[in-house]
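Visitor: I would like to learn how to read aromatic contacts in a protein model. Could you walk me through a case?

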Amino acid sequence: MTPKDRAEKSAAAMWAEDHASKWAGMEITHVAEGEATLELTVAQHHCNGHGICHGGVTFMLADSAFAFACNSRNQSTVAQHNVISFTAPGRLGDRLIATAHEVSLTGRSGIYDVTVTNQDSQKIAEFRGFSRAIKGPLFDE
């Protein structure tokens with residue numbers, strides 16, 4: 001199995017059980033070893049009292065992209081901790097794009113950066129995720 005095939009099969013296994021990302025309206029648009037891109041169109045129910053995309057929704061999108069990137073090798077992996085910096089608001093109707101890539105993978109610990117942009121390539125947020133591999137694969141090889 002190629003690394004790309006493994007990443008795609010890992011993503012399919014995770015997506016089948018990822019009710020939260022589906023509920024939020026996310027879509028996977030790219031997955032490869034150590035990489036993932038998820039997208040979301042900001043709807044009314046994603047907006048806060050200021051009329052902009054709730055920060056928790058932006059965080060959730062980035063966190064989901066991080067999850068698919070760090071699980072791309074068919075090794076169950078979870079978050080240790082994450083941090084996000086918001087640089088601009090997402091607005092109603094925006095298409096938010098979270099692009100995750102692996103920065104470091106040493107033993108069971110990984111570091112991943114996720115950039116969230118809108119459809120005009122305006123940066124919305126920068127997210128850094130720290131992962132930890134746990135027991136078990138996502139699917140049997």
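This is a predicted model: local features need pLDDT of at least 70, side-chain atom pairs count only at pLDDT 80 or more; totals for chains, interfaces and linings use all residues.

Visitor: Where does the record place a domain?

Guide: UniProt, in an unreviewed entry, places the feature "domain: Thioesterase" at residues 50-124. That span is 21% helix and 44% strand, and its end C-alpha atoms lie 16 Å apart.

Visitor: How many aromatic pairs does a search of the whole structure find?

Guide: The search finds four. To sort a pair, look at the angle between the ring planes: over 60 degrees counts as edge-to-face, under 30 as stacked, and the rest as tilted. Take Phe-66 and Tyr-112: the ring centres are 5.7 Å apart and the planes are at 65 degrees, so this pair is edge-to-face.

Visitor: Which parts of the chain does that pair link?

Guide: Distant ones: Phe-66 sits in helix α3 (residues 55-70) and Tyr-112 in strand β5 (residues 109-117), 46 residues apart. Both residues are buried.

Visitor: Why is the pair of Phe-66 and Phe-127 classed as it is?

Guide: Their planes are at 50 degrees, with ring centres 5.8 Å apart, so the pair is tilted. Because Phe-66 belongs to helix α3 and Phe-127 to strand β6 (residues 123-133), the pair ties together parts 61 residues apart in sequence.

Visitor: Are Phe-66 and Phe-127 buried or exposed?

Guide: Buried means under 20% relative accessible area. Phe-66 has 1% relative accessibility, so it counts as buried. Phe-127 is buried too, with a relative accessible area of 2%.

Visitor: Which residues form one aromatic cluster?

Guide: The cluster is made up of Phe-59, Phe-66, Tyr-112 and Phe-127.

Technical notes:
Residues are numbered from 1 along each chain as its sequence is written. Side-chain values use heavy atoms; hydrogens and water are left out. UniProt positions are given in the numbering used here, feature names are shortened, and annotations may be inferred rather than shown by experiment. Helices (H or I, at least four residues) and strands (E, at least two) are DSSP runs, numbered from the N terminus. Rings of Phe, Tyr and Trp (its six-membered ring) pair if their centres lie within 6.5 Å; planes under 30 degrees apart count as stacked, over 60 as edge-to-face and the rest as tilted. Buried means under 20% relative accessible area, exposed over 50%, partly exposed in between (1.4 Å probe, protein chains only).
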